[in-house]
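Please examine the sequence and structure first.

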Amino acid sequence: MEESHIEEGESQNKFEVAPALISVHPSQKSVAVTVGSDLRVFDLIESCAVNLVDESDGPFRKDSIRAIRYGASGKLFVSAGDDKLVKIWSAESWRCLYTVCSEKRVSAVAISSDDSHVCYADKFGVVWVVELDGINEGEVLPSKKGAPLLSHYCSIITSLEFSPDGRYILSADRDFKIRVTVFPKKPLEGAHEIQSFCLGHTEFITCIAFVWNPELTQGYLMSGSGDSTVRLWDITSGSLLDTCEITTLTGHSESNESEPPAQVTVTDICTISNSSLAAVAIQSFQGTLLLSCDLLAHTLSITKVIKIPGESFIPTSISVSTSTRLLWMVSGASNLPGSNHPGFSRVRAISLVETEPSSILEDEQIPGGSKLLEQLQGKVAIEESVMSAAAEAVREAMSSLLMKKQYSEEKREFRKRTRNDKKTTQ
Amino acid sequence: MDSETKPTFSKSTGLPRKRFYRARAHSNPLSDSHFPIPISPLHVDFSLHFPKFVEANSKISKKIEFADIGCGFGGLLISLATLFPDTLMIGMELRDKVTEYVKERILALRRTSSGDQYENISVVRTNSMKYIPNYFEKGQLSKMFFLFPDPHFKEKNHRRRVISTHLLDEYAYVLRAGGIVYTITDVEELGEWMRSCLEKHPMFESLTQEELDSDPVVELLCNATEEGQKVARNGGQTFRAVFRRIAYVS
Ligand SMILES: C[S@@+](CC[C@H](N)C(=O)[O-])C[C@H]1O[C@@H](n2cnc3c(N)ncnc32)[C@H](O)[C@@H]1O
């Protein structure tokens with residue numbers, strides 16, 4: 001019962017567990033972390049915490065942030081989530097430039113490469129677009145409204161992405177589907193021309209990202225899913241080029257002792273621009289996998305398994321800066337059941353410079369050092385047990401949100417009988 | 001299957017009897033699915049649906065071209081089957097029992113008719129509002145039918161309607177340029193809604209009166225289906241909108 005499920009979600013699960021998110025500026029000028037409704041930014045140039053300035057007159061609510069990202073130019077930053085507000089920030093002055101009110105909770109956001117449009121997806125599968133009238137630092141603009149762009153009929157959109165050339169907007173959903181839509185000249189009138197559907201996943205899709213370098217006009221799409229695979233697509237035709245099974249890790253492991261369990265969910269992908277590499281985060285895996293994509297042979301393979309020794313650090317979100325090739329990872333969650341603490345997060349980083357063996361940075365080696373950790377984590381030391389509880393809570397929340405429920409025949413009948421929306425039509 | 005021994009089949013006609021396939025009047029298209037969903041059009045084994053069209057490589061010789069969305073008891077498919085004997089067509093229906101009925105009805109017609117009639121029609125149980133792209137490739141269809149769809153009167157339920165701007169994007173994707181969408185209803189408000197969605201959509205244009213007059217399918221809209229016949233019996237008015245998918249550059 002998707003609809004009742006979603007509508008319940010609207011009211012009941014106010015204190016749903018939300019994973020901590022991380023996003024790093026494309027040239028590593030700053031890094032942002034969210035835990036629940038908290039948005040924390042650290043300025044890596046000045047090496048200090050950023051003070052967010054939000055003078056917009058929109059409504060003020062405190063609910064979990066579900067999506068953050070920097071624009072490709074590094075000028076804009078967007079945050080959005082359960083508070084039904086999309087906040088568009090200057091990534092330089094950290095003033096809130098626009099507040100967009102959404103009718104529903106927001107699950108994903110994207111910024112066009114020329115910073116002219118912001119798209120966001122709501123919990124009902126509708127993608128909305130806002131046109132930005134330039135980045136105007138001085139004045140506080142009245143709140144904006146989005147125009148409907150496209151829709152995945154009653155599904156949850158988990159990821160939104162512009163193609164590197166800006167021609168397409170891509171939307172991935174819990175119904176195993178990725179839609180490739182031409183981003184039109186007049187987006188406010190809707191995006192009606194569907195280029196392709198990328199179909200092949202057998203579970204919900206969690207993340208999509210482009211592998212791209214300047215020699216490619218188009219770039220290839222990678223997608224991660226609850227079906228334990230990462231897939232490679234040609235978006236023009238929607239054809240599946242390769243499938244990389246994430247469970248078959250034997251032989252690749254640097255350390256064999258801890259392999260992910262049989263069925264794993266890929267939770268995040270970030271591709272490293274100007275290379276054919278991508279880092280992948282997996283539910284219940286302490287570390288990250290590096291995948292390499294052969295753009296001529298159209299194949300995808302695991303090149304490295306990087307396990308983080310010691311603490312149980314399972315990243316809930318990862319991000320890489322274009323300039324430094326430092327992979328930033330956060331592990332954490334808000335609204336943990338049975339805890340009165342608002343949330344926890346732990347930040348780690350891995351250097352992925354091609355010429356050197358990838359190295360996991362110690363806390364004091366991370367740019368910004370303990371000052372950064374204090375700002376992004378709240379406190380420096382986090383107990384082990386809290387970390388594992390957070391990872392488990394995030395896993396549960398994700399499967400209850402995205403996995404198709406299998407009801408028994410009787411239970412289904414019962415649910416039908418007790419539905420509110422049915423009573424009037426019978 | 002022997003119709004004599006099955007009480008659900010009429011003794012006189014050998015066709016399945018509708019009253020054994022009675023189902024609730026309306027289905028909620030938003031509810032979670034409990035039927036198999038093909039991963040992609042390549043994963044649907046249409047040879048099971050159209051055994052007479054199977055070639056040596058065990059694939060069917062042509063692709064489906066017509067889709068009857070919310071086909072109900074299948075009356076339209078049955079009329080179209082003999083009108084376009086070389087065209088493959090499929091009905092999509094959400095209600096389990098109704099789909100079973102249409103399946104049996106087609107099988108019975110295949111058995112009782114002479115020649116290879118009714119071999120070109122079939123039905124699948126699915127939610128067309130969610131899974132059209134799982135069944136059809138880009139530009140595969142030349143006709144789509146939406147006959148007497150559920151009206152969903154309440155404003156709050158308008159998003160359950162089978163014709164909407166967003167769903168038309170998907171229909172435009174599976175229809176080739178030149179393909180036609182046929183809609184008809186006895187609910188005036190819904191008729192206006194469907195027409196205005198189609199009119200506003202940049203990838204569709206209305207057929208002219210001459211085009212409507214020369215299209216043999218148009219007259220089937222109001223009398224081929226069970227719902228259409230019911231409306232006609234009661235002397236009800238119908239509201240029709242027939243539009244062509246046009247070539248389009250965003
Ligand atoms: C009022 S009936 C009309 C049936 C038929 N077209 C006729 O004219 O007799 C509408 C049909 O659409 C079906 N339906 C409603 N929503 C559907 C959906 N999302 N996917 C497939 N069928 C659907 C209903 O189950 C019902 O059988």
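Buried means under 20% relative accessible area, exposed over 50%, and partly exposed in between (1.4 Å probe, protein chains only). This is a predicted model, in which local features need pLDDT of at least 70, side-chain atom pairs count only at pLDDT 80 or more, and totals for chains, interfaces and linings use all residues. Residues are numbered from 1 along each chain as its sequence is written, chains are lettered from A and ligands numbered from 1 in the order in which they are written, and side-chain values use heavy atoms, with hydrogens and water left out.

Q: Why is strand β24 (residues 277-282) of chain A called largely enclosed?
A: Strands (E, at least two residues) are DSSP runs, as are helices (H or I, at least four), numbered from the N terminus. Six of the six residues of β24(A) are buried, so the strand is largely enclosed by the rest of the structure. A:Leu277, A:Ala279 and A:Ala281 are buried on one side, and A:Ala278, A:Val280 and A:Ile282 on the other.

Q: What makes strand β23 (residues 266-271) of chain A and β24(A) a pair?
A: Two strands pair if DSSP finds at least two bridges between them. β23(A) and β24(A) have five, in the antiparallel sense; A:Val266 has A:Ile282 as its bridge partner.

Q: How do you know that the span of helix α2 (residues 96-112) of chain B agrees with expectation?
A: The expected span is 1.5 Å times one less than the number of residues. For the 17 residues of α2(B) this should give 24 Å, and the end C-alpha atoms are 24 Å apart, so the two agree. Among the buried residues of α2(B) are B:Val98 and B:Leu109.
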